Amino acid sequence: MNRTLLAILILPTAALGAEVSGGTDPLNYSGPAWSPYLVGAGIGVLSWLTFAFSDQRLGASSGYATLAGYLGEIFAPRRMASLRYFKDNPPKIGWGTMLFFGIVIGAVLAAWTGGEMTNRYLPQMWEARFGADSGLLRTLVAVCGGALMAFGARLAGGCTSGHGISGTLQLSVSSWISAACFFIGGIATASLLYRL
Amino acid sequence: MTEKPHTKKPSLSQLMLGLIFGIVFGFLLQKGGVGKYHILTGQLLLVDFTVVKIIGTAVLVGMIGIFTMHAMGRVKLHLKPTRVAANIVGGLIFGAGFGLSAYCPGTNLVALGQGNWDALAVTVGLIAGSWLFAEMSGTLQRGIGKWGDFGKKTLPELLHVPRGAFVVIFALVLVGALYAIGQFTIR
């Protein structure tokens with residue numbers, strides 16, 4: 001058990017030193033359409049507007065919990081009624097749900113106007129690493145990744161948007177701790193996937 | 001860990017505002033390239049610094065505006081309570097999932113919008129994980145949610161520094177950090 005724990009701690013650190021090259025070098029693929037500073041400043045200004053006009057902060061992860069709640073109401077209403085989280089947060093179409101669907105619409109518009117529609121299942125960089133026939137592996141990894149993120153976000157109180165942007169810009173202690181852990185966990189896992 | 005229930009029914013105009021703000025957020029994120037698998041994974045491999053540049057600039061600009069408006073009594077803050085154990089454990093679990101999927105909950109919606117269909121699998125996982133958390137929410141709230149509970153706290157309060165001074169100094173630190181990252185990174 002201790003050895004496993006040690007391996008979990010040491011492997012990603014050792015992996016960080018390894019090179020990524022060729023098809024697995026992220027820089028071989030297209031960059032952002034706009035300057036990241038321009039986009040960041042835009043998101044900063046957007047956060048002023050959500051605070052000033054809606055008394056809300058930007059966030060995304062709770063939208064998935066709302067969807068889970070709606071599915072629960074259909075398929076397991078009695079089970080759901082017994083769960084603490086849904087008692088505190090009954091699924092409702094609110095400001096956050098609208099924001100959630102708006103993000104998809106905005107992304108469609110941006111990708112459309114920029115000619116960046118991908119229409120593919122396997123990301124290019126993933127394919128270069130795991131092969132063109134790795135659809136099942138990608139599905140498993142993606143589902144597990146999504147499940148861990150949702151669980152972690154609910155436990156920590158937010159995701160990369162709620163804590164990572166909205167919380168850190170309010171200088172919230174919880175958000176700085178959480179965001180640091182998001183990146184520590186993410187760097188370790190991505191290194192295991194791409195550098196070993 | 002769990003938010004207070006929103007008892008007030010949102011007005012139609014607020015719902016429309018939510019939709020518009022979402023569209024702008026999604027548009028900006030896509031233009032920033034953070035719907036792209038290789039840019040997100042590239043950040044976690046410490047090769048592509050697009051994500052850090054976006055977040056850093058958003059925090060710099062957002063912080064200055066929010067605290068200015070707050071000082072003028074125009075906005076309320078929306079802080080999440082600091083629960084050290086839940087923040088750390090939840091944060092690390094989130095990070096592990098982030099590394100696996102590459103899309104985080106927000107950028108997953110962007111990936112979906114631009115036609116990265118593996119985002120659908122991430123979505124299934126996110127919904128399942130939300131349910132799993134709900135299943136355990138009672139136990140977690142009585143346990144880990146209580147460890148290291150400091151309530152709503154900001155960095156200036158923690159360090160006993162006046163808020164205005166902290167914001168000014170921190171803004172300068174962020175500008176310096178963003179400049180340094182810009183100098184030492186290819187992208």
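Select Phe133(B): at 0% relative accessibility this residue counts as buried (under 20% relative accessible area; over 50% is exposed and in between is partly exposed, with a 1.4 Å probe and protein chains only). The model is predicted, so local features need pLDDT of at least 70 and side-chain atom pairs count only at pLDDT 80 or more, while totals for chains, interfaces and linings use all residues. Residues are numbered from 1 along each chain as its sequence is written, chains are lettered from A and ligands numbered from 1 in the order in which they are written, and side-chain values use heavy atoms, leaving out hydrogens and water.

**Stop 1**

Phe151(A) lies in helix α8 of chain A and Phe133(B) in helix α6 of chain B, so the pair joins two chains. Helices here are DSSP runs of H or I with at least four residues, strands are runs of E with at least two, and both are numbered from the N terminus. Rings of Phe, Tyr and Trp (its six-membered ring) pair if their centres lie within 6.5 Å; planes under 30 degrees apart count as stacked, over 60 as edge-to-face and the rest as tilted. Phe151(A) also counts as buried, at 11% relative accessibility.

**Stop 2: a ring pair within chain A**

How many aromatic pairs does a search of the whole structure find? Over all chains there are 17. Another of interest is Phe130(A) with Tyr194(A), an edge-to-face pair at 5.9 Å centre to centre and 75° between the planes. Phe130(A) lies in helix α7 (residues 124–130) of chain A and Tyr194(A) in helix α10 (residues 173–194) of chain A, so the pair ties together parts that are 64 residues apart in sequence. Is Tyr194(A) buried or exposed? Tyr194(A) is buried, with a relative accessible area of 2%, whereas Phe130(A) is partly exposed at 25%.

Thr24(A) counts as buried at 13% relative accessibility. Leaving aside neighbours within four places in sequence, Thr24(A) is in contact (heavy atoms within 4.5 Å) with Met125(A), Ala128(A), Arg129(A) and Tyr194(A).

**Stop 3: helix α3 of chain A**

Select residues 61–75 of chain A. At 1.5 Å a residue, the 15 residues of this helix should span 21 Å, and the end C-alpha atoms are 22 Å apart, which agrees. The expected span is 1.5 Å times one less than the number of residues. Buried residues in α3(A) include Ser61(A), Tyr64(A), Thr66(A) and Gly72(A). What do the buried residues of α3(A) pack against? In chain A they pack against α4 (77–81), α5 (84–88), α6 (95–113) and α8 (135–156), and in chain B against α5 (105–113) and α6 (118–142).

**Stop 4: two helices of chain B**

Now select residues 37–44 and 50–71 of chain B, which are helices α2 and α3. They pack at an angle of about 85°, with their axes 7 Å apart. That makes α2(B) roughly perpendicular to α3(B). Axes are lines fitted to C-alpha atoms, for helices over the stretch in contact, and angles run from 0 to 180 degrees between N-to-C directions. Angles under 35 degrees count as roughly parallel, over 145 as roughly antiparallel, 65 to 115 as roughly perpendicular and the rest as oblique.

Show side chains at the contact: Ile39(B), Leu40(B) and Gln43(B) in α2(B) meet Thr50(B), Val51(B) and Val52(B) in α3(B). By class, this contact has four nonpolar, two polar and no charged residues. Ala, Val, Leu, Ile, Met, Phe, Trp, Tyr, Cys and Pro count as nonpolar, Asp, Glu, Lys and Arg as charged, and the others, Gly among them, as polar.

Next pick Val24(B) in helix α1 (residues 12–31) of chain B. Val24(B) counts as partly exposed at 34% relative accessibility.

**Stop 5: whole chains**

Zoom out and colour by chain. Chain A has ten helices and zero strands, and 52% of its 196 residues count as buried. Chain B has eight helices and two strands, in the order α-α-α-β-α-α-α-β-α-α. Of the 187 residues in chain B, 59% are buried. The C-alpha trace spans about 45 × 45 × 35 Å along the principal axes in chain A and about 45 × 45 × 40 Å in chain B.
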